[in-house]
Amino acid sequence: MQGDLAAITRFIETPAAGLDLPLDISHGTPFQQKVWGELRSIRRGATITYAALAQRLGQSNGARAVATACAANAIALGIPCHRVVRADGTPSGYRWGTERKHALLDKEAAI
């Protein structure tokens, strides 16, 4: 547990270090698990729109479903839903507050 906390702290301070922890996502629905898996494939510093992520999952009209899956994510840094933005590229709606979402994106962009 101490090692996990150290890894999380290191990741917050230096996102380039990455976060390689085993995650239990079995509590999610099959669709949520697909969304969360895709989110883990988005590289640090990059963003994707809700619609584009839905499209990537074969759900062309699924932007709201993707947003709902992001909102259900309880593993903030391990499943980086902060990298999903509105169609106009602006950050919005984040379970832990949009201020934190902005801060995470800014920190990652500085890498």
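**Close-up views of a predicted protein model**

Residues are numbered from 1 along each chain as its sequence is written, and side-chain values use heavy atoms, with hydrogens and water left out.

**View 1. The whole fold, from one end of the chain to the other.** Let us begin with the overall layout. The protein has five helices and two strands; here helices (H or I, at least four residues) and strands (E, at least two) are DSSP runs, numbered from the N terminus. Starting at the N terminus, the order of elements is α-α-β-α-α-β-α. The C-alpha trace spans about 40 × 30 × 20 Å along the principal axes. The radius of gyration is 14 Å, which agrees with the value near 13 Å that a compact globule of 111 residues would have. That radius is taken over C-alpha atoms, and the globule rule is 2.2 Å times the number of residues to the power 0.38. Of the contacts between residues at least 6 apart in sequence, 52% join residues at least 24 apart, where contact means heavy atoms within 4.5 Å.

**View 2. The surface and its charges.** The protein exposes about 6500 Å², and carbon and sulfur atoms supply 51% of that area. Accessible areas come from the Shrake-Rupley method with a 1.4 Å probe; for residues, only the protein chains shown count as cover. How many side chains are positive, and how many negative? There are 13 positive and 9 negative ones, and the centres of the two sets lie 5 Å apart. Lys and Arg count as positive and Asp and Glu as negative, while His and the chain ends are not counted. Each charge is placed at NZ of Lys, CZ of Arg, CG of Asp or CD of Glu.

View 3. A salt bridge is a side-chain nitrogen of Lys or Arg within 4 Å of a carboxyl oxygen of Asp or Glu, and a search of the whole structure finds two. In one of them, Arg 56 and Glu 38 meet through their side chains, at 3.1 Å from N to O. Arg 56 belongs to helix α3 (residues 50-56) and Glu 38 to helix α2 (residues 30-41), so the pair ties together parts that are 18 residues apart in sequence. Arg 56 is partly exposed, at 47% relative accessibility. Glu 38 also counts as partly exposed, at 22%.

View 4. Arg 83 forms a salt bridge with Glu 108, and their closest N and O atoms are 2.8 Å apart. This pair links distant parts of the chain, 25 residues apart: Arg 83 sits in the loop between α4 (63-71) and β2 (84-85), and Glu 108 in helix α5 (residues 98-109).

**View 5. Thr 98 and its surroundings.** Thr 98 lies in helix α5 and is partly exposed, at 37% relative accessibility. Which residues does Thr 98 touch, not counting residues up to four places away in sequence? Thr 98 touches Ser 92 and Gly 93.

**View 6. Two exposed residues.** Asp 24 lies in the loop between α1 (2-13) and α2 and counts as exposed, at 54% relative accessibility. Ala 110, in the segment after α5, is exposed with a relative accessible area of 68%.

Technical notes:
This is a predicted model: local features need pLDDT of at least 70, side-chain atom pairs count only at pLDDT 80 or more; totals for chains, interfaces and linings use all residues. Buried means under 20% relative accessible area, exposed over 50%, partly exposed in between (1.4 Å probe, protein chains only).
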